[in-house]
Amino acid sequence: MVIILLGAGIYFMIGLRGYPLRRLFPALAGLFKKSDGKGAGEISPFAALSTALSGQVGTGNLAGVATAITLGGPGAIFWMWVTALFGMALAFAEGSLAVRFREKTADGVYRGGPMTYISIGLGPKWTWLAVLFCLGALFSALVTGNGIQANSLGDSANELFGVEEWIGGAVAAVAVFAVIIGGIKSIGKVAETIVPWMAAAYLVMAFVALMINLPYLPETFSRIFAGAFGYDAAAGGFLGAMIMIAIRAGVARGLFSNEAGQGSTPIAHAVAQTNDPAAQGRFAMMGTFIDTIVICTMTALVMLTVAGDFTVTDANGVKTAVEHAWQSDLNGFAMTSGAYAAAFPFELFSIPIGTLIVSVALILFVFTTLLTWSYYGERAITYLYDLLPGASLSGEKKLHFMWRVVWCVVIFFGSFAPLELVWRLGDISNAVMTLPNIVALLALSGVVFALAKGNRTAGTDHGRETPVELQEEISGAPGH
(Lines give C-alpha, C1' and ligand atoms only; values in the text may rest on other atoms or scores of the structure.)
Protein backbone atom coordinates (compact mmCIF):
# COMPACT_ATOMS: atom_id res chain seq x y z
CA MET A 1 0.00 0.00 0.00
CA VAL A 2 2.90 2.37 0.73
CA ILE A 3 4.36 1.79 -2.73
CA ILE A 4 1.00 1.92 -4.52
CA LEU A 5 -0.33 5.04 -2.79
CA LEU A 6 2.85 7.08 -2.84
CA GLY A 7 3.67 5.84 -6.35
CA ALA A 8 0.26 6.81 -7.72
CA GLY A 9 0.34 10.13 -5.84
CA ILE A 10 3.76 11.02 -7.25
CA TYR A 11 2.64 10.00 -10.76
CA PHE A 12 -0.41 12.29 -10.61
CA MET A 13 1.55 15.15 -9.03
CA ILE A 14 4.09 14.98 -11.88
CA GLY A 15 1.39 14.51 -14.56
CA LEU A 16 -0.54 17.49 -13.17
CA ARG A 17 2.74 19.46 -13.09
CA GLY A 18 2.29 20.31 -9.42
CA TYR A 19 -1.27 21.59 -10.00
CA PRO A 20 -2.45 20.82 -6.41
CA LEU A 21 0.46 22.83 -4.97
CA ARG A 22 0.22 25.63 -7.54
CA ARG A 23 -3.51 25.99 -6.97
CA LEU A 24 -3.38 25.50 -3.18
CA PHE A 25 -3.93 29.12 -2.10
CA PRO A 26 -6.56 29.94 -4.78
CA ALA A 27 -8.36 26.72 -3.75
CA LEU A 28 -8.25 27.77 -0.07
CA ALA A 29 -9.67 31.18 -1.04
CA GLY A 30 -12.40 29.39 -3.02
CA LEU A 31 -13.69 27.81 0.19
CA PHE A 32 -14.94 31.22 1.33
CA LYS A 33 -16.74 32.15 -1.91
CA LYS A 34 -20.50 31.66 -1.92
CA SER A 35 -21.73 29.22 -4.56
CA ASP A 36 -24.23 30.56 -7.11
CA GLY A 37 -25.99 27.17 -7.00
CA LYS A 38 -26.53 27.22 -10.77
CA GLY A 39 -24.70 24.00 -11.56
CA ALA A 40 -26.37 20.61 -11.86
CA GLY A 41 -26.30 18.49 -8.69
CA GLU A 42 -27.91 17.89 -5.32
CA ILE A 43 -26.00 20.04 -2.78
CA SER A 44 -23.63 23.03 -2.95
CA PRO A 45 -19.91 22.41 -3.64
CA PHE A 46 -19.10 23.53 -0.07
CA ALA A 47 -21.76 21.19 1.35
CA ALA A 48 -20.22 18.37 -0.72
CA LEU A 49 -16.79 19.22 0.75
CA SER A 50 -18.29 19.37 4.27
CA THR A 51 -19.94 15.99 3.68
CA ALA A 52 -16.66 14.49 2.44
CA LEU A 53 -14.79 16.08 5.37
CA SER A 54 -17.34 14.73 7.84
CA GLY A 55 -16.41 11.27 6.55
CA GLN A 56 -12.69 12.03 6.68
CA VAL A 57 -12.54 13.71 10.09
CA GLY A 58 -13.15 10.98 12.68
CA THR A 59 -11.22 8.67 14.98
CA GLY A 60 -8.28 8.79 12.55
CA ASN A 61 -7.69 12.41 13.55
CA LEU A 62 -7.58 11.61 17.27
CA ALA A 63 -6.95 7.94 18.06
CA GLY A 64 -5.38 7.20 14.65
CA VAL A 65 -2.65 9.83 15.01
CA ALA A 66 -1.79 8.43 18.44
CA THR A 67 -1.60 4.94 16.95
CA ALA A 68 0.78 6.18 14.25
CA ILE A 69 3.09 7.70 16.89
CA THR A 70 2.92 4.53 19.02
CA LEU A 71 3.81 2.29 16.05
CA GLY A 72 6.29 4.49 14.21
CA GLY A 73 7.40 7.17 16.66
CA PRO A 74 7.27 10.93 15.98
CA GLY A 75 8.79 10.31 12.52
CA ALA A 76 5.50 8.76 11.37
CA ILE A 77 4.00 12.27 11.36
CA PHE A 78 6.42 13.38 8.63
CA TRP A 79 5.32 10.46 6.42
CA MET A 80 1.71 11.33 7.17
CA TRP A 81 2.43 14.79 5.72
CA VAL A 82 4.07 13.27 2.64
CA THR A 83 1.06 11.00 2.12
CA ALA A 84 -1.27 14.00 2.36
CA LEU A 85 0.69 16.21 -0.09
CA PHE A 86 0.76 13.55 -2.80
CA GLY A 87 -2.71 12.49 -1.68
CA MET A 88 -3.95 15.93 -2.75
CA ALA A 89 -3.14 14.95 -6.35
CA LEU A 90 -5.13 11.72 -5.93
CA ALA A 91 -8.02 13.62 -4.31
CA PHE A 92 -8.10 16.10 -7.23
CA ALA A 93 -8.24 13.19 -9.67
CA GLU A 94 -11.09 11.52 -7.76
CA GLY A 95 -13.15 14.68 -7.28
CA SER A 96 -12.87 15.85 -10.89
CA LEU A 97 -13.64 12.40 -12.36
CA ALA A 98 -16.63 12.03 -9.99
CA VAL A 99 -18.30 15.12 -11.51
CA ARG A 100 -17.18 14.36 -15.08
CA PHE A 101 -18.69 10.85 -15.13
CA ARG A 102 -21.57 11.08 -12.64
CA GLU A 103 -25.00 9.84 -13.66
CA LYS A 104 -28.55 11.15 -13.43
CA THR A 105 -31.19 8.65 -12.30
CA ALA A 106 -34.68 8.24 -13.73
CA ASP A 107 -36.11 10.44 -10.96
CA GLY A 108 -33.62 13.22 -11.68
CA VAL A 109 -31.14 12.59 -8.83
CA TYR A 110 -27.39 12.95 -9.45
CA ARG A 111 -24.97 10.40 -8.04
CA GLY A 112 -21.53 9.02 -8.77
CA GLY A 113 -18.15 7.92 -7.50
CA PRO A 114 -15.56 5.35 -8.57
CA MET A 115 -18.27 2.91 -9.68
CA THR A 116 -19.59 5.43 -12.25
CA TYR A 117 -16.26 6.73 -13.49
CA ILE A 118 -15.27 3.10 -13.99
CA SER A 119 -18.46 2.00 -15.79
CA ILE A 120 -19.04 5.22 -17.80
CA GLY A 121 -15.43 6.42 -18.18
CA LEU A 122 -13.80 3.05 -18.88
CA GLY A 123 -16.78 1.14 -20.30
CA PRO A 124 -18.82 -2.02 -19.61
CA LYS A 125 -15.76 -4.29 -19.96
CA TRP A 126 -14.54 -2.82 -16.65
CA THR A 127 -17.75 -3.55 -14.71
CA TRP A 128 -15.91 -6.24 -12.74
CA LEU A 129 -13.60 -3.54 -11.33
CA ALA A 130 -16.58 -1.42 -10.27
CA VAL A 131 -18.11 -4.48 -8.56
CA LEU A 132 -14.82 -5.17 -6.78
CA PHE A 133 -14.71 -1.56 -5.60
CA CYS A 134 -18.30 -1.69 -4.31
CA LEU A 135 -17.66 -4.91 -2.37
CA GLY A 136 -14.57 -3.28 -0.83
CA ALA A 137 -16.59 -0.13 -0.08
CA LEU A 138 -19.24 -2.15 1.78
CA PHE A 139 -16.55 -3.95 3.80
CA SER A 140 -14.79 -0.66 4.58
CA ALA A 141 -18.05 1.14 5.42
CA LEU A 142 -19.05 -1.46 7.99
CA VAL A 143 -15.55 -1.82 9.52
CA THR A 144 -13.93 1.63 9.38
CA GLY A 145 -16.91 3.89 8.63
CA ASN A 146 -19.08 2.27 11.29
CA GLY A 147 -17.42 -0.30 13.62
CA ILE A 148 -14.30 1.68 14.58
CA GLN A 149 -16.25 4.92 14.86
CA ALA A 150 -19.09 3.43 16.94
CA ASN A 151 -16.64 1.71 19.29
CA SER A 152 -14.75 4.97 19.86
CA LEU A 153 -18.04 6.77 20.48
CA GLY A 154 -19.11 4.14 23.03
CA ASP A 155 -15.77 4.44 24.87
CA SER A 156 -15.93 8.24 24.83
CA ALA A 157 -19.53 8.32 26.12
CA ASN A 158 -18.50 5.94 28.91
CA GLU A 159 -15.53 8.12 29.89
CA LEU A 160 -17.41 11.41 29.60
CA PHE A 161 -20.84 10.60 31.03
CA GLY A 162 -20.14 7.38 32.94
CA VAL A 163 -22.85 5.50 31.00
CA GLU A 164 -22.52 1.99 29.54
CA GLU A 165 -21.12 1.84 26.00
CA TRP A 166 -24.38 0.38 24.65
CA ILE A 167 -26.35 3.39 25.89
CA GLY A 168 -24.04 5.74 23.97
CA GLY A 169 -24.42 3.46 20.95
CA ALA A 170 -28.22 3.44 21.19
CA VAL A 171 -28.43 7.24 21.40
CA ALA A 172 -26.03 7.61 18.45
CA ALA A 173 -27.98 5.06 16.38
CA VAL A 174 -31.25 6.97 16.86
CA ALA A 175 -29.61 10.35 16.11
CA VAL A 176 -27.89 9.01 12.98
CA PHE A 177 -31.12 7.43 11.70
CA ALA A 178 -32.99 10.73 12.16
CA VAL A 179 -30.53 12.37 9.74
CA ILE A 180 -29.79 9.65 7.16
CA ILE A 181 -33.48 8.86 6.58
CA GLY A 182 -33.56 12.16 4.64
CA GLY A 183 -30.82 11.04 2.22
CA ILE A 184 -27.83 13.00 0.92
CA LYS A 185 -29.54 16.41 1.11
CA SER A 186 -30.21 15.92 4.82
CA ILE A 187 -26.67 14.62 5.43
CA GLY A 188 -25.19 17.54 3.46
CA LYS A 189 -27.21 20.12 5.42
CA VAL A 190 -26.12 18.70 8.79
CA ALA A 191 -22.48 18.37 7.65
CA GLU A 192 -22.42 21.93 6.27
CA THR A 193 -23.75 23.20 9.61
CA ILE A 194 -21.61 21.16 12.03
CA VAL A 195 -18.27 20.42 10.34
CA PRO A 196 -16.82 23.96 9.86
CA TRP A 197 -17.60 25.00 13.46
CA MET A 198 -16.51 21.64 14.86
CA ALA A 199 -13.15 21.75 13.09
CA ALA A 200 -12.54 25.44 13.90
CA ALA A 201 -13.28 24.99 17.63
CA TYR A 202 -10.99 21.95 17.84
CA LEU A 203 -8.14 23.78 16.08
CA VAL A 204 -8.46 26.80 18.40
CA MET A 205 -8.16 24.58 21.48
CA ALA A 206 -5.16 22.74 20.01
CA PHE A 207 -3.50 26.09 19.23
CA VAL A 208 -4.04 27.31 22.82
CA ALA A 209 -2.54 24.06 24.18
CA LEU A 210 0.55 24.56 21.98
CA MET A 211 0.94 28.21 23.02
CA ILE A 212 0.90 27.13 26.70
CA ASN A 213 3.74 24.68 25.92
CA LEU A 214 5.54 26.83 23.34
CA PRO A 215 9.12 26.19 24.67
CA TYR A 216 8.77 22.47 23.81
CA LEU A 217 7.68 23.07 20.19
CA PRO A 218 11.17 23.27 18.55
CA GLU A 219 12.10 19.94 20.18
CA THR A 220 8.89 18.41 18.79
CA PHE A 221 9.74 19.32 15.18
CA SER A 222 13.28 18.07 15.75
CA ARG A 223 11.90 14.69 16.87
CA ILE A 224 9.55 14.46 13.86
CA PHE A 225 12.30 15.05 11.27
CA ALA A 226 14.90 12.99 13.13
CA GLY A 227 12.51 10.06 13.48
CA ALA A 228 11.42 10.25 9.84
CA PHE A 229 14.95 9.63 8.55
CA GLY A 230 16.23 7.44 11.37
CA TYR A 231 18.60 9.95 12.95
CA ASP A 232 17.89 8.39 16.30
CA ALA A 233 20.83 7.05 18.27
CA ALA A 234 18.56 4.58 20.04
CA ALA A 235 17.74 2.92 16.72
CA GLY A 236 21.25 1.49 16.37
CA GLY A 237 21.41 -1.45 13.98
CA PHE A 238 17.67 -1.28 13.42
CA LEU A 239 17.99 1.99 11.49
CA GLY A 240 16.45 0.73 8.25
CA ALA A 241 13.68 -1.13 10.07
CA MET A 242 12.84 1.94 12.17
CA ILE A 243 12.52 4.12 9.05
CA MET A 244 10.30 1.50 7.37
CA ILE A 245 8.07 1.20 10.45
CA ALA A 246 7.72 5.00 10.62
CA ILE A 247 6.81 5.17 6.91
CA ARG A 248 4.33 2.30 7.19
CA ALA A 249 2.62 3.74 10.26
CA GLY A 250 2.48 7.25 8.80
CA VAL A 251 1.12 6.18 5.42
CA ALA A 252 -1.41 3.70 6.87
CA ARG A 253 -2.79 6.19 9.40
CA GLY A 254 -2.59 9.01 6.83
CA LEU A 255 -4.75 7.00 4.42
CA PHE A 256 -7.13 5.98 7.21
CA SER A 257 -7.60 9.63 8.10
CA ASN A 258 -7.77 11.52 4.78
CA GLU A 259 -8.95 8.65 2.52
CA ALA A 260 -7.02 10.04 -0.49
CA GLY A 261 -7.07 7.44 -3.25
CA GLN A 262 -9.52 5.27 -1.33
CA GLY A 263 -12.51 6.20 -3.49
CA SER A 264 -14.86 7.25 -0.68
CA THR A 265 -14.84 11.06 -0.92
CA PRO A 266 -15.65 11.22 -4.68
CA ILE A 267 -19.04 9.67 -3.83
CA ALA A 268 -19.82 12.88 -1.89
CA HIS A 269 -18.22 15.25 -4.42
CA ALA A 270 -20.19 13.67 -7.29
CA VAL A 271 -23.44 15.28 -6.06
CA ALA A 272 -22.05 18.86 -5.91
CA GLN A 273 -23.95 21.57 -7.77
CA THR A 274 -21.26 22.37 -10.33
CA ASN A 275 -20.64 21.94 -14.05
CA ASP A 276 -16.87 22.24 -13.66
CA PRO A 277 -15.11 18.95 -12.75
CA ALA A 278 -11.79 20.69 -12.03
CA ALA A 279 -13.43 23.13 -9.60
CA GLN A 280 -14.82 20.26 -7.54
CA GLY A 281 -11.47 18.50 -7.82
CA ARG A 282 -9.93 21.49 -6.05
CA PHE A 283 -12.55 21.21 -3.29
CA ALA A 284 -11.69 17.51 -2.97
CA MET A 285 -7.96 18.17 -2.57
CA MET A 286 -8.78 20.80 0.08
CA GLY A 287 -10.46 18.05 2.07
CA THR A 288 -7.20 16.08 2.19
CA PHE A 289 -5.24 19.22 3.10
CA ILE A 290 -7.60 20.25 5.93
CA ASP A 291 -7.95 16.74 7.34
CA THR A 292 -4.28 15.75 7.53
CA ILE A 293 -2.03 18.79 7.09
CA VAL A 294 -4.17 20.87 9.45
CA ILE A 295 -6.26 18.75 11.88
CA CYS A 296 -4.04 15.64 12.20
CA THR A 297 -0.93 17.82 12.51
CA MET A 298 -2.42 19.85 15.37
CA THR A 299 -3.42 16.63 17.18
CA ALA A 300 0.09 15.21 16.74
CA LEU A 301 1.80 18.42 17.89
CA VAL A 302 -0.33 18.50 21.06
CA MET A 303 0.63 14.89 21.92
CA LEU A 304 4.32 15.45 21.18
CA THR A 305 4.61 18.90 22.82
CA VAL A 306 2.37 19.19 25.90
CA ALA A 307 4.26 18.42 29.12
CA GLY A 308 2.64 16.70 32.08
CA ASP A 309 2.94 14.03 34.76
CA PHE A 310 3.11 10.81 32.74
CA THR A 311 4.68 7.43 33.51
CA VAL A 312 6.07 4.53 31.49
CA THR A 313 6.49 0.94 32.71
CA ASP A 314 9.62 -1.02 31.70
CA ALA A 315 9.93 -4.79 31.14
CA ASN A 316 10.53 -5.34 34.87
CA GLY A 317 7.37 -3.51 35.87
CA VAL A 318 9.23 -0.45 37.15
CA LYS A 319 7.46 2.85 36.50
CA THR A 320 9.45 5.89 35.41
CA ALA A 321 8.24 9.48 35.09
CA VAL A 322 8.23 10.93 31.54
CA GLU A 323 7.40 14.38 30.25
CA HIS A 324 5.06 13.80 27.30
CA ALA A 325 1.98 11.64 26.61
CA TRP A 326 3.56 9.88 23.60
CA GLN A 327 6.42 8.60 25.81
CA SER A 328 4.01 7.10 28.36
CA ASP A 329 2.02 3.87 28.65
CA LEU A 330 -1.04 5.58 27.15
CA ASN A 331 -2.26 4.36 23.75
CA GLY A 332 -4.81 5.44 21.14
CA PHE A 333 -7.46 7.91 22.22
CA ALA A 334 -6.24 7.74 25.85
CA MET A 335 -2.95 9.31 24.67
CA THR A 336 -4.78 12.17 22.94
CA SER A 337 -7.07 12.66 25.94
CA GLY A 338 -4.10 12.55 28.35
CA ALA A 339 -2.21 15.23 26.42
CA TYR A 340 -5.23 17.58 26.39
CA ALA A 341 -5.89 16.89 30.09
CA ALA A 342 -2.29 17.94 30.84
CA ALA A 343 -2.77 21.14 28.79
CA PHE A 344 -6.10 22.01 30.44
CA PRO A 345 -6.00 20.32 33.88
CA PHE A 346 -8.73 22.41 35.55
CA GLU A 347 -11.67 20.19 36.41
CA LEU A 348 -15.37 20.50 35.58
CA PHE A 349 -17.69 17.84 37.08
CA SER A 350 -14.50 16.13 38.37
CA ILE A 351 -13.21 15.72 34.78
CA PRO A 352 -10.23 17.71 33.40
CA ILE A 353 -11.43 20.32 30.90
CA GLY A 354 -8.94 18.93 28.37
CA THR A 355 -10.56 15.50 28.55
CA LEU A 356 -14.02 17.05 28.14
CA ILE A 357 -12.88 19.01 25.08
CA VAL A 358 -11.34 16.07 23.26
CA SER A 359 -14.17 13.67 24.21
CA VAL A 360 -16.84 16.04 22.89
CA ALA A 361 -14.71 16.56 19.74
CA LEU A 362 -14.49 12.80 19.24
CA ILE A 363 -18.25 12.33 19.66
CA LEU A 364 -18.97 15.06 17.06
CA PHE A 365 -16.25 13.80 14.67
CA VAL A 366 -17.59 10.26 14.93
CA PHE A 367 -21.25 11.27 14.58
CA THR A 368 -20.64 13.11 11.29
CA THR A 369 -18.44 10.26 10.01
CA LEU A 370 -21.26 7.78 10.68
CA LEU A 371 -23.62 9.97 8.62
CA THR A 372 -21.39 10.21 5.57
CA TRP A 373 -20.19 6.60 5.49
CA SER A 374 -23.78 5.39 5.60
CA TYR A 375 -24.25 7.20 2.26
CA TYR A 376 -21.04 5.71 0.84
CA GLY A 377 -22.22 2.21 1.71
CA GLU A 378 -25.67 2.98 0.34
CA ARG A 379 -24.24 4.04 -3.03
CA ALA A 380 -22.13 0.88 -3.22
CA ILE A 381 -25.00 -1.50 -2.45
CA THR A 382 -27.28 0.41 -4.85
CA TYR A 383 -24.80 -0.01 -7.72
CA LEU A 384 -24.63 -3.76 -7.09
CA TYR A 385 -28.45 -3.97 -6.90
CA ASP A 386 -28.84 -2.11 -10.22
CA LEU A 387 -26.78 -4.81 -11.97
CA LEU A 388 -29.42 -7.43 -11.09
CA PRO A 389 -32.16 -8.31 -13.60
CA GLY A 390 -35.45 -6.65 -12.64
CA ALA A 391 -33.87 -3.85 -10.58
CA SER A 392 -36.30 -0.93 -10.21
CA LEU A 393 -36.56 2.55 -8.71
CA SER A 394 -39.05 1.36 -6.09
CA GLY A 395 -36.72 -1.54 -5.26
CA GLU A 396 -33.88 0.95 -4.78
CA LYS A 397 -35.93 2.97 -2.30
CA LYS A 398 -36.79 -0.15 -0.27
CA LEU A 399 -33.11 -1.15 -0.34
CA HIS A 400 -32.08 2.31 0.91
CA PHE A 401 -34.47 2.08 3.86
CA MET A 402 -33.26 -1.42 4.79
CA TRP A 403 -29.61 -0.34 4.53
CA ARG A 404 -30.20 2.67 6.81
CA VAL A 405 -31.85 0.44 9.43
CA VAL A 406 -29.02 -2.14 9.24
CA TRP A 407 -26.47 0.70 9.48
CA CYS A 408 -27.94 1.94 12.75
CA VAL A 409 -28.18 -1.59 14.18
CA VAL A 410 -24.44 -2.04 13.46
CA ILE A 411 -23.74 1.28 15.27
CA PHE A 412 -25.50 -0.08 18.36
CA PHE A 413 -23.60 -3.39 18.44
CA GLY A 414 -20.31 -1.80 17.37
CA SER A 415 -20.37 0.58 20.32
CA PHE A 416 -19.73 -2.22 22.84
CA ALA A 417 -18.25 -5.03 20.69
CA PRO A 418 -14.71 -6.24 21.53
CA LEU A 419 -12.70 -4.78 18.64
CA GLU A 420 -9.07 -5.72 19.34
CA LEU A 421 -8.42 -6.58 15.69
CA VAL A 422 -10.56 -3.82 14.23
CA TRP A 423 -7.70 -1.44 13.39
CA ARG A 424 -5.94 -4.18 11.41
CA LEU A 425 -9.25 -5.04 9.75
CA GLY A 426 -9.59 -1.34 9.00
CA ASP A 427 -6.26 -1.28 7.14
CA ILE A 428 -7.23 -4.42 5.19
CA SER A 429 -10.67 -3.08 4.26
CA ASN A 430 -9.12 0.23 3.16
CA ALA A 431 -6.76 -1.70 0.88
CA VAL A 432 -9.59 -3.79 -0.62
CA MET A 433 -11.42 -0.56 -1.46
CA THR A 434 -8.36 1.43 -2.56
CA LEU A 435 -6.75 -0.96 -5.06
CA PRO A 436 -9.62 -1.03 -7.62
CA ASN A 437 -9.94 2.75 -7.34
CA ILE A 438 -6.21 3.34 -7.95
CA VAL A 439 -6.36 1.08 -11.05
CA ALA A 440 -9.28 3.17 -12.37
CA LEU A 441 -7.53 6.48 -11.61
CA LEU A 442 -4.39 5.38 -13.45
CA ALA A 443 -6.44 4.15 -16.42
CA LEU A 444 -8.22 7.54 -16.57
CA SER A 445 -5.13 9.65 -15.79
CA GLY A 446 -5.13 11.25 -19.25
CA VAL A 447 -8.67 12.48 -18.64
CA VAL A 448 -7.63 13.94 -15.25
CA PHE A 449 -4.74 15.88 -16.82
CA ALA A 450 -7.08 17.27 -19.51
CA LEU A 451 -9.72 18.26 -16.91
CA ALA A 452 -7.06 20.20 -14.99
CA LYS A 453 -6.34 22.19 -18.18
CA GLY A 454 -10.00 23.21 -18.48
CA ASN A 455 -11.33 20.60 -20.94
CA ARG A 456 -14.57 19.73 -19.14
CA THR A 457 -15.65 17.13 -21.72
CA ALA A 458 -12.34 15.22 -21.74
CA GLY A 459 -12.65 11.45 -22.08
CA THR A 460 -15.20 9.17 -23.73
CA ASP A 461 -18.67 8.48 -22.34
CA HIS A 462 -19.62 4.81 -22.63
CA GLY A 463 -23.33 4.04 -22.88
CA ARG A 464 -24.54 7.65 -22.99
CA GLU A 465 -24.05 11.06 -24.57
CA THR A 466 -21.69 13.55 -22.90
CA PRO A 467 -23.86 15.60 -20.45
CA VAL A 468 -24.97 18.91 -21.96
CA GLU A 469 -24.16 20.87 -18.79
CA LEU A 470 -20.47 20.05 -19.18
CA GLN A 471 -20.47 21.53 -22.68
CA GLU A 472 -21.95 24.86 -21.58
CA GLU A 473 -19.47 27.67 -21.06
CA ILE A 474 -19.05 28.79 -17.45
CA SER A 475 -16.93 31.53 -15.93
CA GLY A 476 -13.95 30.75 -13.76
CA ALA A 477 -13.07 27.40 -15.34
CA PRO A 478 -9.34 26.74 -15.45
CA GLY A 479 -7.97 27.20 -18.93
CA HIS A 480 -10.66 29.78 -19.90
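Guide: This is a predicted model. A place to begin is Tyr202, which, once its neighbours within four places in sequence are set aside, is in contact with Leu62, Ile295, Thr299, Tyr340, Ala361 and Phe365. Tyr202 is found in helix 10, which covers residues 183-212.

Visitor: What makes Thr220 buried, and where is Thr220 found?

Guide: Thr220 belongs to helix 11, residues 217-228. Not counting residues up to four places away in sequence, Thr220 touches Leu301, Leu304 and Thr305.

Visitor: Which residues does Thr265 touch, and why is Thr265 called buried?

Guide: Apart from residues up to four places away in sequence, Thr265 touches Ala52, Gln56, Glu94, Glu259 and Tyr376. Thr265 is found in helix 13, residues 265-269, and because its relative accessibility is 5%, under the 20% cut-off, Thr265 counts as buried.

Visitor: How do you know that Pro436 is buried, and which residues does Pro436 touch?

Guide: Pro436 has its place in helix 18, residues 422-443, and its relative accessible area is 3%, which is under 20%, so the label buried applies to Pro436. Leaving out residues up to four places away in sequence, Pro436 touches Leu129, Leu132 and Phe133. Pro436 and Pro114 lie 322 residues apart along the chain, with 8.8 Å between their C-alpha atoms.

Visitor: What is the phi of Arg17?

Guide: Phi of Arg17 is near 55°, a positive value in a residue other than glycine. As background, most residues other than glycine have a negative phi.

Visitor: Which members of the largest nonpolar core touch the most other members?

Guide: That core has 135 residues, and among them Leu97, Val176 and Trp407 touch the most other members. Helix 16, residues 353-386, gives the largest share of this core, namely 15 residues. Trp407, leaving aside its neighbours within four places in sequence, is in contact with Ala141, Leu142, Gly145, Asn146, Val176, Ile180, Leu370, Trp373 and Ser374.

Visitor: How many cavities of 30 Å³ or more are there, and which residues line the second largest cavity?

Guide: The count comes to 3 cavities of 30 Å³ or more, and the second largest cavity holds about 60 Å³ of space. Its lining is made of Glu103, Arg111, Gly112, Met115, Thr116, Arg379, Thr382, Tyr383 and Asp386. Helix 7 (114-119) and helix 16 are the elements that give two or more residues to this lining, and the largest share, 4 residues, comes from helix 16.

Visitor: How do the residues of that lining divide into nonpolar, polar and charged?

Guide: The lining of the second largest cavity divides into 2 nonpolar, 3 polar and 4 charged residues.

Visitor: What makes strand 3 and strand 4 a pair?

Guide: A pair needs at least two bridges, and strand 3 (residues 307-313) and strand 4 (residues 319-324) have 5 bridges in the antiparallel sense, so these two strands count as paired. Ala307 stands opposite His324 in strand 4. The two strands form a hairpin with 5 residues between them, and in the turn Gly317 has a positive phi of about 85°.

Conventions
Residues numbered from 1 in each chain as written. Predicted model: local features only at pLDDT ≥ 70, side-chain atom pairs only at ≥ 80, totals over all residues. Heavy atoms only, no water. Core = buried A, V, L, I, M, F, W, Y, C linked by side-chain atoms within 4.5 Å. Buried < 20%, exposed > 50% of the residue type's maximum accessible area, 1.4 Å probe, protein only. Contact = heavy atoms within 4.5 Å. 1 Å grid on protein atoms, 1.4 Å probe; cavity = no way out; pocket = protein on both sides within 12 Å on 5 of 7 lines; lining within 4 Å. Points joined across faces, edges and corners; volume = space filled by probe spheres on them. Nonpolar A, V, L, I, M, F, W, Y, C, P; charged D, E, K, R; others polar.
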